[in-house]
Amino acid sequence: MTEHTTGPSVKLDTPFGVDYDLVHGIMKNPQVHTIRLASSMRGHYRDAKALEALVAQGDPVHYEVFEMKIPQEVGQLQFCISKTYPGTVGGECFMTKGHYHAVPGTAEIYLCLRGEGYMLMKLPTGESACERFLPGRMCYVPPFWGHRTVNTGDEPLISFCVYPGEAGHNYADIEKEGFPQRVFKRAGKVEIVPAKAG
Ligand code: PAN
Ligand code: ZN
């Protein structure tokens, strides 16, 4: 993972605006720019050997997140652009790590701007859900639901996300549990399969 911080370009305690390039799915002058490479996705895909082969072949970017440094406080709103690249690892579509919020009772809205895919969601009890991502479609992630973006298309999947200021991220539990479903694309055909099945 590479985290690149450009430093404050706006005062966050007074009203401000942010410019986006909606074609390329980029927040201009983000204060935090996170880049997740194949090598930062170990343990998430079913086919570990295929992932290592991809790392050896140049370690491509799986996704990027563009954010501002909003204080992690009740009353604030975090927002970001999430951009997941197209590709597969042993047939499994490129995806984000996924997480619960560290304050679990906090929801999130994802508005899909470009590309296509799915939001995989799960509760700690194991209950799962899945929503389609298409341009103009919004996905509401209720409080307590873990969430992961999966790109099933041939171009970057780009969403604008908004969630409560205090939410934070809990990656550890999802890393332990995984998601109940996995998404594959073979010969152009997308399949959502139970994580335990082939
Ligand atoms: C999003 C995600 C973003 C990257 O902003 O953070 O899509 O996914 P991971 O955080 O799982 O690596 C969000 O859900 N924020 O809460
Ligand atoms: Zn989230």
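Two strands pair if DSSP finds at least two bridges between them; strands (E, at least two residues) and helices (H or I, at least four) are DSSP runs, numbered from the N terminus. This model is predicted: local features need pLDDT of at least 70, side-chain atom pairs count only at pLDDT 80 or more, and totals for chains, interfaces and linings use all residues. Residues are numbered from 1 along each chain as its sequence is written, chains are lettered from A and ligands numbered from 1 in the order in which they are written, and side-chain values use heavy atoms, with hydrogens and water left out.

**Exercise 1. The three-strand sheet**

Work out the strand order of the open sheet of three strands, and find which residue stands opposite Lys-122 in S11.

Solution. 
- Step 1: Start with the order. The sheet reads S11-S10-S13, with antiparallel pairing.
- Step 2: From one strand to the next, the twist averages 20°.
- Step 3: Count bridges. S10 is joined to S11 by six bridges. Six bridges also join S10 to S13.
- Step 4: Lys-122 faces Ser-128 in S11. Tyr-118 faces Val-150 in S13.
- Step 5: Close the hairpin. Five residues lie between S10 and S11, and Gly-126 takes a positive phi near 110° there.

**Exercise 2. Two faces of S10**

Decide which residues of S10 lie on each side, and whether these faces are covered or uncovered.

Solution. 
- Step 1: Recall the rule. Side chains in a regular strand alternate between the two faces of the sheet.
- Step 2: Apply the cut-offs. Buried means under 20% relative accessible area, exposed over 50%, and partly exposed in between (1.4 Å probe, protein chains only).
- Step 3: Assign the sides. Gly-117, Met-119 and Met-121 take one face; Tyr-118, Leu-120 and Lys-122 take the other. Both faces are covered.
- Step 4: Check the total. Six of the six residues of S10 are buried.

**Exercise 3. The nonpolar cores**

Identify the residues that touch the most other members of the largest nonpolar core.

Solution. 
- Step 1: Define the set. A nonpolar core joins buried Ala, Val, Leu, Ile, Met, Phe, Trp, Tyr and Cys residues through side-chain atoms within 4.5 Å.
- Step 2: The largest core has 30 residues, and Tyr-45, Tyr-110, Met-119, Phe-133, Cys-139 and Val-141 touch the most other members.
- Step 3: Name the contributors. The elements giving two or more residues are helix H1 (48-56), strand S5 (61-67), S9, strand S10 (117-122), strand S12 (138-141) and strand S14 (157-164).
- Step 4: Look for another core. Seven residues form a second, separate one, among them Met-27, Phe-79, Ile-81 and Ile-158.
- Step 5: Contact means heavy atoms within 4.5 Å. Beyond its neighbours within four places in sequence, Met-119 contacts residues including Tyr-110, Phe-133, Cys-139, Val-141 and His-147.

**Exercise 4. The zinc site**

Name the residues that coordinate the zinc ion (ligand 2), then state which geometry its six donor atoms give.

Solution. 
- Step 1: List the donors, which are N, O and S atoms within 2.8 Å of the metal (3.2 Å for Na, K and Ca); water is not among the atoms, so sites may look incomplete. His-99 (NE2), His-101 (NE2), Glu-108 (OE) and His-147 (NE2) coordinate the zinc ion at 2.1 to 2.3 Å.
- Step 2: Note the spacing. Along the chain the donors follow H-x1-H-x6-E-x38-H.
- Step 3: Locate a pair. His-101 is in the loop between strand S8 (92-93) and strand S9 (108-114), and His-147 is in strand S13 (residues 146-151), so the pair ties together parts that are 46 residues apart in sequence.
- Step 4: Check burial. His-101 is buried, at 4% relative accessible area. His-147 is buried too, at 1%.

**Exercise 5. Exposed or buried?**

Sort Val-23, Gly-75 and Ser-159 by accessibility.

Solution. 
- Step 1: Val-23 is exposed, at 52%. It lies in the loop between strand S2 (20-21) and strand S3 (26-27). Apart from neighbours within four places in sequence, Val-23 contacts Arg-114 and Ile-158.
- Step 2: Gly-75 is exposed, at 73%. Its loop runs between S5 and strand S6 (77-84).
- Step 3: Ser-159, in strand S14, is buried, at 2%.

Conventions: Four donors count as tetrahedral if all angles lie between 85 and 135 degrees; four count as square planar and six as octahedral if opposite donors are over 155 degrees apart and all others between 65 and 115; anything else is irregular. Axes are lines fitted to C-alpha atoms, for helices over the stretch in contact, and angles run from 0 to 180 degrees between N-to-C directions.
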